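Good morning, colleagues. Please have the structure open on your screens.

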Protein chains: 2
Amino acid sequence: MGRQSNARERLLDAACELIHSRGYGSIGVAEICAKADVRKGSFYHFFESKQALTLEVIDGHWRRQRADWVSTLDGEGLERLFRDQAEAQRLSKDSGGAVNGCLLANLALELSNQDEVVRTRLEQIFDEQVDLVHGALRPGAERSTARALVAQLEGMVLFAKISNDPAVLDDLWRQARLLMT
Amino acid sequence: MGRQSNARERLLDAACELIHSRGYGSIGVAEICAKADVRKGSFYHFFESKQALTLEVIDGHWRRQRADWVSTLDGEGLERLFRDQAEAQRLSKDSGGAVNGCLLANLALELSNQDEVVRTRLEQIFDEQVDLVHGALRPGAERSTARALVAQLEGMVLFAKISNDPAVLDDLWRQARLLMT
């Protein structure tokens, strides 16, 4: 496989990393191409627009995350899932110097009122997240409990990002489990 | 008072409204000036930069919101405060067609990793929010409980924004109060 043959993947990887760390609005196609080492003229050969690329970034990110969630919930369960999310923010800080937060929540707050296609896709994904958590609760538990748990996770990740301190999440599970009572 | 005399206020009001509904990255100085009906050349007479304006928008927003929070917590208490936040999102949808979410959380997720000055200011404000909620809890309650409550609020507002449906927040208090057990 030559360089050009994986240019599309490189663009997706570069965009995912840039958008996760710096958001959507501040990133341009030129910067994505530079990071991916792909000529700017080639970008529109692979993607119709920055929006189209972003939708693929979202889908790719959720595909990987979803596989992790399913595997963790099938195995060690909900507490492990929550602890993994905290660990992911710690890794982000250790490797890149900053708590990047949740890619999907970042995009949701930045773009929901600007881009209906992105908003709709993110709504579907968060519905899937709630469904996965719901499936891990005791039989008969309300779906709104699962949504509250995901909300607590996202709210605490916001605090970790705003204070650029993953230790904020040390408390996450201890608080979140109260929502299941 | 002539038009020019309140140009600064008009710029702040226009920026607050635009940033709340569409985020930071997609708004330019020209658009803020157009909405405020202020000549673009005058902008830098009032503000050094878009960042300087944004910091004033943040401070002004929190000054007003803080006064509301203090008054509500001194009067009707925490449940009322949470119900008011849900009501604010309902008003946002009814008046502008979209759930705008929380201005401060929106900016936090969009800018925390891009702008250390904005991040630090938002961290201080969220600390104040947690302190206010902490002061409304029973004596001896942990500060981490107050933070979990604010996280729950922000996480559920995220869900309301992502589904563009303020009814998501009908459940907010019923879930959040479990965090106080």
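**Domain contact and chain interface**

Between domain 1 of chain A and domain 2 of chain A, the count is 1 salt bridge. A salt bridge joins the side chains of A:Glu56 and A:Arg8, at 2.5 Å from N to O. Please bear in mind throughout that this is a predicted model.

Let me place that count in its setting. Chain A is divided into domain 1, covering residues 1-47, and domain 2, covering residues 50-180. Taken over C-alpha atoms, the centres of domain 1 of chain A and domain 2 of chain A are 24 Å apart. In the contact between them, 16 residues come from domain 1 of chain A and 16 residues from domain 2 of chain A.

How much area do domain 1 of chain A and domain 2 of chain A bury between them? The figure is about 1500 Å², and carbon and sulfur atoms carry 66% of it. On the side of domain 1 of chain A, the residues that lose the most area to domain 2 of chain A are A:Ile19, A:His20 and A:Tyr24, which together make up 48% of what that side buries.

As for polar contacts, 7 residue pairs are counted between domain 1 of chain A and domain 2 of chain A, with both residues at pLDDT 80 or more. Two helices of chain A, helix 1 (7-22) and helix 2 (29-36), each supply at least two residues to the side of domain 1 of chain A that touches domain 2 of chain A. Helix 1 of chain A provides the largest share of that side, 8 residues. Sorted by class, that side of domain 1 of chain A holds 11 nonpolar, 4 polar and 1 charged residues.

The side chains of A:Lys35 and A:Glu17 meet at 3.3 Å, N to O. This pair connects distant parts of the chain, with A:Lys35 in helix 2 of chain A and A:Glu17 in helix 1 of chain A, 18 residues apart.

One annotation belongs here. In an unreviewed entry, UniProt lists residues 28-47 of chain A as "DNA-binding region". In the model, that span of chain A is 75% helix and 0% strand, and its end C-alpha atoms lie 14 Å apart.

I turn now to the interface of chain A and chain B. Here the contact takes 43 residues from chain A and 43 residues from chain B. The buried area between chain A and chain B is about 3900 Å², with 61% given by carbon and sulfur atoms. Within chain A, A:Leu109, A:Asn113 and A:Ile162 lose the most area to chain B, together 20% of what that side buries.

How many salt bridges are counted between chain A and chain B? There are 4. One salt bridge pairs B:Arg174 with A:Glu142, whose closest N and O atoms are 3.2 Å apart. Across the interface of chain A and chain B, 23 residue pairs are in polar contact, both residues being at pLDDT 80 or more.

Which elements of chain A give two or more residues to the side that touches chain B? They are helix 1, helix 6 (103-111), helix 7 (116-135), helix 8 (143-162) and helix 9 (172-176) of chain A. Helix 8 of chain A gives the most, with 14 residues. By class, the side of chain A that touches chain B has 18 nonpolar, 15 polar and 10 charged residues.

Finally, over all chains, a search of the whole structure finds 32 salt bridges. Thank you for your attention.

Note on methods. Residues are numbered from 1 along each chain as its sequence is written. Chains are lettered from A and ligands numbered from 1 in the order in which they are written. This is a predicted model: local features need pLDDT of at least 70, side-chain atom pairs count only at pLDDT 80 or more; totals for chains, interfaces and linings use all residues. Side-chain values use heavy atoms; hydrogens and water are left out. Domain bounds come from an automatic or database domain assignment. Contact means heavy atoms within 4.5 Å. Buried area is the accessible area (1.4 Å probe) that two parts lose on being put together, summed over both. A polar contact is a pair of N or O atoms within 3.5 Å; within protein, one must be able to donate a hydrogen and the other to accept it, and residues adjacent in sequence count only if both atoms are side-chain atoms. Helices (H or I, at least four residues) and strands (E, at least two) are DSSP runs, numbered from the N terminus. Ala, Val, Leu, Ile, Met, Phe, Trp, Tyr, Cys and Pro count as nonpolar, Asp, Glu, Lys and Arg as charged, and the others, Gly among them, as polar. UniProt positions are given in the numbering used here, feature names are shortened, and annotations may be inferred rather than shown by experiment.
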